Amino acid sequence: MPPTAASHAPTVAIVGGGIGGLTAALALLRAGIRPHVYEQSPAFGEVGAGIQLAPNAVRLLDRLGFAEELRDRAVRPARAIEYRRWSDGRLLGFQSSDLEHEERYGASYVVIHRAHLLELLLAALPKDLLHAGHRCVGVEQTEGGARVLFEEGTAVEADLVVAADGLRSVVRESVASGHGPAFAGFCAYRALLPIERAPLGDAARSVGIWLGPGRHFVHYPVAGGGLMNVVGLVAFDDWPHGFQPQHVSAAEFAERFAGWHPDVRATIDVLTDVTLWGLFAGTPLPSWTSGRVVLLGDVAHPMLPFAAQGACQAIEDAVALGACLGRAPGDIDGALARYEHVRIPRASAVQAHARENATAYNLPDGAEQQRRDAELARGDGGAWLYGYDVEAAVAEAALAAGS
Ligand SMILES: Cc1cc2nc3c(=O)[nH]c(=O)nc-3n(C[C@H](O)[C@H](O)[C@H](O)COP(=O)(O)OP(=O)(O)OC[C@H]3O[C@@H](n4cnc5c(N)ncnc54)[C@H](O)[C@@H]3O)c2cc1C
């Protein structure tokens with residue numbers, strides 16, 4: 001059922017049913033708005049493997065009612081991140097344990113299979129709001145709202161359209177034409193393996209990031225600790241396949257990590273199903289809104305995965321949008337202005353941090369690498385990222401504006 005005009009709450013159409021779109025739907029529901037979600041795929045669900053969720057996102061999911069489910073479905077790694085040296089496996093530094101994260105930031109650092117996260121979000125949404133098999137081909141502004149056009153020739157109108165259609169967004173063009181993400185000079189080898197086959201010993205229970213020249217290697221447990229998510233991130237000059245991942249051999253992956261510590265090579269050697277993804281990123285957009293169309297998630301801030309924050313930022317966007325509209329349901333334009341005011345500086349800073357990590361995580365051995373390692377040995381420094389509470393930021397912005 002398409003949204004129909006309601007007398008009190010605005011009607012909202014969300015394009016894209018990924019982590020951002022579904023979290024936005026839940027945040028809007030909490031604000032008393034019943035949004036409809038339009039997803040291009042024939043069924044809602046996530047491809048891909050694991051995802052790290054940092055305390056800045058986990059606290060929001062906890063408040064949306066998922067604390068217990070996350071405890072059941074996600075894994076709390078022994079240490080959030082252990083940084084290791086590529087050649088000898090030496091521990092360079094680590095971030096807090098789960099307990100320390102709870103104490104410091106009031107929420108955990110968890111790792112979860114993407115499909116499990118989507119299942120949790122979907123289960124909490126009324127089915128009549130979910131519309132699979134709806135591929136958006138464009139949006140148009142209307143008098144006091146916007147219209148979403150679908151491939152099969154149908155359309156829906158709403159007071160507000162939320163573009164949550166990811167990296168290859170078709171809706172972005174209507175807000176920020178020509179600002180789409182570009183190939184960022186890195187590719188990611190991705191695979192899952194049964195954790196008992198991973199020859200990493202105790203280290204397999206933590207999020208591990210092994211740093212080496214021009215590449216780094218990431219692993220963490222998912223699926224109740226039964227599987228290990230493995231990602232090899234490698235600098236590439238060129239990527240001719242656009243957004244299309246390619247199936248590649250474990251031998252190709254292994255070749256990229258020749259000369260690395262035997263544990264890394266042995267982990268790659270047992271992989272059976274490896275895909276290679278080009279990584280795309282963008283620079284901060286000057287605006288996230290045009291009329292009654294607003295951007296959210298990867299559409300608004302496509303970033304390298306080197307801060308493990310793309311989805312976390314989409315969750316922050318979603319909750320911020322719900323909070324802004326919830327505070328001013330009768331003033332959509334004002335709510336969108338506040339959403340941009342709160343979100344653009346924050347997401348841009350995280351985008352920049354991911355870009356900085358592209359340099360720091362892939363340094364050749366030498367003086368700069370030694371300085372980085374000394375900094376990692378000093379520990380955390382993640383308070384600005386993990387301690388941030390987007391709901392508090394919206395409340396502060398409202399207070400400052402006297403509303
Ligand atoms: C290798 C790698 C590792 C990562 N690791 C992490 C991590 O550990 N932690 C983290 O926070 N982030 C991580 N990310 C980033 C994270 O995956 C993304 O930021 C996140 O998925 C963005 O969510 P989204 O909802 O904005 O977009 P998406 O997840 O891309 O969802 C968009 C949805 O819109 C749908 N759609 C697209 N076009 C249309 C259309 N025309 N009409 C209708 N529907 C449409 C799609 O089918 C999809 O369901 C990683 C990314 C990569 C590449």
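1. How many residues surround the ligand, and which are the closest? In this predicted model, 32 residues surround the ligand. Gly20, Glu39, Gln52, Arg114 and Asp298 are the closest.

2. Backbone atoms also reach the ligand. A polar backbone atom of Ala308 sits 3.2 Å from a nitrogen atom of the ligand. For Ala311, a backbone N or O atom is 2.9 Å from a ligand oxygen atom. Cys312 places a polar backbone atom 3.0 Å from an oxygen atom of the ligand.

3. Next, the pair H1 and H4. Helix H1 covers residues 19-30, and helix H4 covers residues 114-123. Their axes come within 10 Å and cross at roughly 25 degrees. Angles under 35 degrees count as roughly parallel, so H1 is roughly parallel to H4. The crossing is left-handed.

4. Which residues of H1 and H4 meet? From H1 come Ile19, Leu22, Thr23 and Leu26. From H4 come Leu117, Leu118, Leu121 and Leu122. The contact of H1 with H4 holds seven nonpolar residues, one polar residue and no charged ones.

5. H8 also packs on H9. The crossing of H8 and H9 is right-handed.

6. On the H8 side, the contact is made by Gln313, Glu316, Asp317, Ala320, Leu321, Cys324 and Leu325. H9 supplies Ile332, Ala335, Leu336, Arg338, Tyr339, Arg343, Arg346, Ala347 and Val350. By class, the contact of H8 with H9 has ten nonpolar residues, one polar and five charged.

7. H9 has a further partner in H12. Helix H9 runs over residues 332-360, and helix H12 over residues 390-400. Their axes come within 10 Å and cross at roughly 125 degrees. Roughly perpendicular ends at 115 degrees and roughly antiparallel needs over 145, so H9 and H12 are oblique to each other. H9 passes H12 in a right-handed crossing.

8. What does each helix bring to the contact of H9 with H12? H9 brings Arg338, His341, Val342 and Arg343. H12 brings Val390, Ala393, Val394, Ala397 and Ala398. These residues divide into six nonpolar, one polar and two charged.

Note on methods
Residues are numbered from 1 along each chain as its sequence is written. This is a predicted model: local features need pLDDT of at least 70, side-chain atom pairs count only at pLDDT 80 or more; totals for chains, interfaces and linings use all residues. Side-chain values use heavy atoms; hydrogens and water are left out. Axes are lines fitted to C-alpha atoms, for helices over the stretch in contact, and angles run from 0 to 180 degrees between N-to-C directions. Helices (H or I, at least four residues) and strands (E, at least two) are DSSP runs, numbered from the N terminus. Angles under 35 degrees count as roughly parallel, over 145 as roughly antiparallel, 65 to 115 as roughly perpendicular and the rest as oblique. A crossing is left-handed if the near helix is turned anticlockwise from the far one by less than a right angle, and right-handed if clockwise. Contact means heavy atoms within 4.5 Å. Ala, Val, Leu, Ile, Met, Phe, Trp, Tyr, Cys and Pro count as nonpolar, Asp, Glu, Lys and Arg as charged, and the others, Gly among them, as polar. A residue is near a molecule or strand if one of its heavy atoms lies within 4 Å of it. A polar contact is a pair of N or O atoms within 3.5 Å; within protein, one must be able to donate a hydrogen and the other to accept it, and residues adjacent in sequence count only if both atoms are side-chain atoms.
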